Amino acid sequence: MGPVAAVEAIRSVFASFGLTAIRQVRRGQYRPLALAALLVGLCQAGQAQETQRASPSTPPGGAVTLFQNVRIFDGKSGTLTGPSNVLVRGNQIERISTGPIPTDRSATTVLIEGGGRTLMPGLIDMHWHTMLVRPTVAALLTADIGFLNLVAGAEATATLMRGFTTVRDMGGPAFGLKRAIDEGTVVGPRVFPSGAMITITSGHGDFRQPFELPRTVGAPMSRGEQIGAAMIADSPDEVRVRVREQLMLGASQIKLTAGGGVASPHSPLDATTFTEAELRAAVEAAENWGTYVTVHAYTPASIQRAIAAGVKCIEHGHLMDEATAKLIAEKGIWLSTQAFPDELADAFPPGSLERAKALEVFAGTDRTFTLAKKYKIKTAWGTDVLFSEKLAQRQGELLTKLVRWYTPAETLVMATGTNAQLLALSGKRNPYPGKLGVVEEGARADLLLVDGDPIANIKLIEDPDKNLLVIMKDGRIYKNALRE
Ligand SMILES: [Zn+2]
């Protein structure tokens, strides 16, 4: 391409894409290379058009898949439909009908004979840490970030193959991985990233050792901060900076730790960490950007302070009391929680402070779910698997544990349609606009074909290798065990 053509090309790019192109280039952080990036983008767009013209059999809307004879769990109601057909075009569910759906039976249309099996929305995990699932804490704080990204990429593929088509990342340097997944370089779920979790000195997520204190102005940041896993902020001004940095990087929501945590070496469980003014600074910065703040909080004091500051979602909440549950319900605050598996405590040596903290939290699980049901709190579910590839393999089982408090149907609605309602709180910062977590016309096509009825037998979810026959995300098929 000659210089004149290049200038023309840039003009037409601006004309056709307007500011979007510039913004995308900025977002991708290639500002110094803006010109080159635009040119490359233009050439790629040209190539894509060539390809489409060269193969007219490809429908303009993209690939087409027809699921025939499936019973639908729609992510909203607790019952299955009668035998139905579902047409997916591009990344959308185009049509659902009990009658036959005529479609072009060309080679580009994938026909899936459901045989009366269940078609349901992809599962959503609302408390995931894409970058922190497989490495140990030591590896996270010492290993090369390239290595950590590759490990996280492998885990992301495994996550999708367990039927989790979306995760809300509750802290960690996930932006690169998210981009690689969205661009198709790595197979994985949709990621709603928070970026670094924001904490205070000695708060949950501050993994520094005593020898690293005191922090002095101008000194290098701690390793956890350098890689964007957790940022330490000790005033409203510092909080604002860190929140805005995550938003600039593309965070869809902001995560703060409002109280002590189990795995953090220097944060007592009873500690309330941020001041109300600090929390409010985060809330203002997030709301100015059209999104919300969620906080890690177990105790009544930390939950109540967060709500007073305008926080819209509480993570965990295992030590809440009756008055706090009432407040959460009255204010319409979301509770995003889980039943931690007892084995998690085994990660900590007997007699250790961390183990004692774990057991204290676990003891509150039953009361919290009971209160959530009693006060009809808007409840979402996520696993919070950390530093354990083995536990991650049981992601589905961590969901089915909820049948101690909910019916299988209620449990599955929570992990699909309800979780998606909380995702939508990201407003225009939602990286994947459109409906998620439901099977309905016009929704994004994130679908699972289950070999059986998961409402009658929710344990099917515990063995995805065997029981999830088709896994589709955004209209693309990542697994089709019926093809053989
Ligand atoms: Zn977490």
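Trainee: Which residues form one aromatic cluster?

Mentor: Rings of Phe, Tyr and Trp (its six-membered ring) pair if their centres lie within 6.5 Å; planes under 30 degrees apart count as stacked, over 60 as edge-to-face and the rest as tilted. Here F369, W405 and Y406 make up one aromatic cluster. This is a predicted model, in which local features need pLDDT of at least 70, side-chain atom pairs count only at pLDDT 80 or more, and totals for chains, interfaces and linings use all residues. Residues are numbered from 1 along each chain as its sequence is written, and side-chain values use heavy atoms, with hydrogens and water left out.

Trainee: How many aromatic pairs does the rule give?

Mentor: The count comes to five aromatic pairs.

Trainee: Are F369 and Y406 buried or exposed?

Mentor: Buried means under 20% relative accessible area, exposed over 50%, and partly exposed in between (1.4 Å probe, protein chains only). Both F369 and Y406 are buried.

Trainee: What sits over the ring of Y406?

Mentor: A charge sits over a ring if NZ of Lys or CZ of Arg is within 6 Å of the ring centre and within 35 degrees of the ring normal. For Y406 this is the charged end of K373, 5.4 Å from the ring centre. Likewise, R190 lies over the face of Y432, at 5.1 Å from the ring centre.

Trainee: Which residues coordinate the zinc ion?

Mentor: Donors are N, O and S atoms within 2.8 Å of the metal (3.2 Å for Na, K and Ca); water is not among the atoms, so sites may look incomplete. The zinc ion is held by H127 (NE2), H129 (NE2) and D384 (OD), at 2.0 to 2.3 Å. H127 is buried, at 1% relative accessibility.
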